[in-house]
Amino acid sequence: MSFQLALPGISLHGYEAIADMARLLAQKNWGKALIVTDAQLAGLGLTRSLTESLQQQAIPYALFTGVAPNPTEEQVQAGIAAFHAQQCDFLIAFGGGSPIDTAKAIKILTANPGRSVDYAGVGKVRQPGVPLVAINTTAGTAAEATSNAVITDSARQIKQVIIDSHLIPDIAVDDPAVMLGIPPDITAATGMDALTHALEAYVSLGAHVLTDPSALEAIALIRRWLPVAVAEGQNREAREMMACAQYLAGMAFNSAGLGLVHALAHQPGATHDLPHGVCNAILLPVVAAFNRSASVARFARIAAALGVDTSAMDDEAASHAAIQALRQLAGQVGIPSGFRQLGIKESDIEGWLDKALADPCAPANPRTATREQVRELYLQAL
Ligand SMILES: NC(=O)c1ccc[n+]([C@@H]2O[C@H](COP(=O)([O-])OP(=O)(O)OC[C@H]3O[C@@H](n4cnc5c(N)ncnc54)[C@H](O)[C@@H]3O)[C@@H](O)[C@H]2O)c1
Ligand SMILES: [Fe+2]
């Protein structure tokens, strides 16, 4: 079987990318846009750079601000209703993973029947739907570059993962100007999500010579720049490097796949509405320690990318040092050391086990875990 590398048609990176995107859209004649965002971003006035750029290019738009973190099917339904009521022709997502994933799910429903979560799994979307531009405001999920959408089915309390190449945005935009004001806790959580993407992609069973360089470079950039972005939010270089790092991580995991960190993290995310990046960051060293023996040489290279001087170490020692370095970085950027601090109890774990094993991110993990081992991993992360 051949290897498929899937990327957005066009990606715009760097300061002023949003204005450049509007200029590009002026040549596309896609009609009226529905901007899909969350109320907090609209309230902060961050959407202004987008709406002003669209006005300058005379591109008509309507605004939908009904997305919340960990978006649900109900929010997708409200979005598709707004799309039709406002007679829109294409979608512009503006936000982190939550607005971008919601816009991807709305895109499905512009051309396919039913609910978006009916398309959970891999490759189930039949019709591509309307064009989608994704402007990313966190660094982060890289949802602007990937074929995934994560939507919570609130009735079943489960995060459904929809993976389909139809969901890759036509234009991906990373303008660090809108990232300068991200609060330190969200900077840390989203940055650790990106680190998890890079690391899981690098040790994934689906890793490939075409994805390894971007995964390793993402790890090195995040180690270098995430602590700076957390401590000095207005540091323009740190924000730009983190935007690039999370995109590189997205390039890697979109084709190489993820693993057990994400499969396990989706469960507390769904039942307790916790930030995705924090769930990943807590589980990352625990799952990495579990996976280490299946991929010693790769964990040794991860240690070097994390800044460990591995010159005097054999791979075994270096692979252990990688786990240590992960814990240290998480602590440095203020990630809680366990789920208990977030109100999780031991009795919450039982309900997550089967869902974690069935999560579409699990099969790419380098080491297969039994139900008991998954329970043990959650206990270690408490
Ligand atoms: N599609 C994918 O490939 C993929 C990958 C990983 C995670 N996810 C999903 O994405 C979601 C998480 O996305 P996220 O971590 O980007 O966060 P998010 O979109 O949920 O946003 C978190 C918070 O940050 C705020 N925020 C966003 N940008 C900001 C800015 N520039 N300045 C100030 N505040 C800002 C938002 O208003 C919100 O309150 C989860 O549902 C997760 O499961 C998707
Ligand atoms: Fe993620």
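Trainee: What is the helix and strand content over residues 12–176?

Mentor: Over residues 12–176 the chain is 30% helix and 27% strand, where helices (H or I, at least four residues) and strands (E, at least two) are DSSP runs numbered from the N terminus. The end C-alpha atoms of this stretch are 11 Å apart. The model is predicted: local features need pLDDT of at least 70, side-chain atom pairs count only at pLDDT 80 or more, and totals for chains, interfaces and linings use all residues. Residues are numbered from 1 along each chain as its sequence is written, while chains are lettered from A and ligands numbered from 1 in the order written.

Trainee: Which residues does UniProt list for "domain: Fe-containing alcohol dehydrogenase-like C-terminal"?

Mentor: The unreviewed UniProt entry places that feature at residues 187–381; such annotations may be inferred rather than shown by experiment. Over residues 187–381 the chain is 68% helix and 0% strand, with the end C-alpha atoms 21 Å apart.

Trainee: Why are α7 and α8 called roughly antiparallel?

Mentor: Helix α7 (residues 212–231) and helix α8 (residues 236–256) pack at an angle of about 150°, with their axes 8 Å apart. Angles run from 0 to 180 degrees between N-to-C directions, and those over 145 count as roughly antiparallel. The pair is therefore roughly antiparallel.

Trainee: What makes α6 oblique to α8?

Mentor: α6 and α8 pack at an angle of about 40°, with their axes 8 Å apart. Oblique covers what is left after angles under 35 degrees (roughly parallel), over 145 (roughly antiparallel) and 65 to 115 (roughly perpendicular), so α6 is oblique to α8. The crossing of α6 and α8 is left-handed, meaning that the near helix is turned anticlockwise from the far one by less than a right angle.

Trainee: What places a residue in the shell around ligand 1, and how many residues surround this ligand?

Mentor: The C-beta atom, placed from the backbone, must lie within 6 Å. For ligand 1, 30 residues surround it, and Gln-40, Pro-69, Gly-96, Gly-97 and Ser-98 are the closest. Elements giving two or more residues to this shell include α5 (97–109) and α10 (276–291).
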